[in-house]
Amino acid sequence: MDERQDLIKERFKGAGIEITDRQAEQFEVYYEMLVETNKVMNLTAVTEFEEVVGRHFLDSVLVTKYYDFAGVGNFIDVGTGAGFPGIPIKILYPQISVTLLDSLGKRVAFLSNVVDNLALKKNGESMELIHGRAEDFGRDPRYREQYDLCLSRAVANLSTLSEYCTPFVKTGGVFVSYKSGEMEEELETAKPAIKELGCKTRAVEKFTLDGAGRSLIFIERIEKLSGRYPRKAGIPAKQPL
């Protein structure tokens, strides 16, 4: 194992997450592909190795400290961008069926290369990449209310994100929104939208990572989604519930 892989294992261990040599190698390859592709495509403003390990890799997977992923059969990552949090969690839990959704075709092409290079489907594990908008796929019966979990680090207000993401979650399933440390006002504003979408806020978990406050908002589906939602593409952003 090289120095970078040692550092990855140490950072994860410091956060209470043990990873194998193979997983450390996968994270290193992922980092190399990220920074190389970032030279020609805007994937991330964070490119220094230790920063990527903390602000992207660890930030993606710390949700596993607050939710039992051993019982998760599948999840979808909405607005995945450069693959966060979906790919880091898939590295840790290869048995989980994962769908990555993004609206930019170039990013989906990059993610396809990452999946191939990290051999994330090598042993028959399920990994699907889809290019499109959440509002459209949230009405598609192949994806609507089909997932145990929906995760998103996408940058949007929680009311809008809830309309993007909760349609994918089955009754009893959970949408997890990754936010900064200060999210109380945003969550309060989103409460009517969350209720309208047949959901409730189950928990909020806060932690500090590399000096920055982070929050995870867990929103559970408690009843079937109304056929009114999600609204047509573009409307949730322009007119949040």
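**Rings and cores: a short tour**

Hi everyone, let's start with a charge and a ring: the charged end of Arg4 sits over the ring of Phe49, 5.0 Å from the ring centre. Please keep in mind throughout that this is a predicted model.

Now to helix 2, which runs over residues 21-37. Helix 2 has 17 residues and spans 24 Å from the first C-alpha to the last, close to the 24 Å expected at 1.5 Å a residue. Which of its residues are buried? They are Gln23, Ala24, Gln26, Phe27, Glu28, Tyr30, Tyr31, Met33, Leu34 and Thr37. And what do these buried residues pack against? Their partners are helix 1 (3-14), helix 3 (49-61), helix 4 (86-92) and helix 5 (105-117).

Let me stay with the rings for a moment. A pair of aromatic rings is described by how far apart the centres are and by the angle of the planes. In this model, the count is 13 aromatic pairs. One of them is Tyr30 with Phe84, a tilted pair at 5.5 Å centre to centre, with 35° between the planes. This pair links distant parts of the chain: Tyr30 is in helix 2, while Phe84 is in the loop between strand 1 (74-78) and helix 4, 54 residues apart. Are these two buried or exposed? Tyr30 counts as buried because its relative accessibility is 0%, and Phe84 is buried too, with a relative accessible area of 4%.

Here is another pair. The ring centres of Tyr147 and Phe168 are 6.5 Å apart and their planes are at 70°, so this pair is edge-to-face. Again distant parts of the chain are linked: Tyr147 belongs to strand 4 (residues 147-152), and Phe168 to the loop between helix 7 (158-165) and strand 5 (169-180), 21 residues apart. Both Tyr147 and Phe168 are buried.

Back to Tyr30 and Phe84, because there is a cluster to show you: along with Phe12, Phe27 and Phe57, they form one aromatic cluster.

Last stop, the cores. The largest nonpolar core has 51 residues. Which residues have the most contacts inside this core? Phe12, Phe57, Phe69, Ile87, Phe110, Leu149 and Val176 do. Take Leu149: leaving out residues up to four places away in sequence, Leu149 touches Tyr67, Phe69, Val72, Asn74, Phe75, Ile76, Val169, Val174 and Val176. There is also a second, separate core of 23 residues, and its members include Ala134, Tyr143, Tyr147 and Leu158.

How values were computed: Residues numbered from 1 in each chain as written. Predicted model: local features only at pLDDT ≥ 70, side-chain atom pairs only at ≥ 80, totals over all residues. Heavy atoms only, no water. Helix = DSSP H or I, 4+ residues; strand = E, 2+ residues; numbered from the N terminus. Expected span 1.5 Å × (residues − 1). Buried < 20%, exposed > 50% of the residue type's maximum accessible area, 1.4 Å probe, protein only. Contact = heavy atoms within 4.5 Å. Phe/Tyr/Trp six-rings, centres within 6.5 Å; stacked < 30°, edge-to-face > 60°. Lys NZ or Arg CZ within 6 Å of the ring centre and 35° of its normal. Core = buried A, V, L, I, M, F, W, Y, C linked by side-chain atoms within 4.5 Å.
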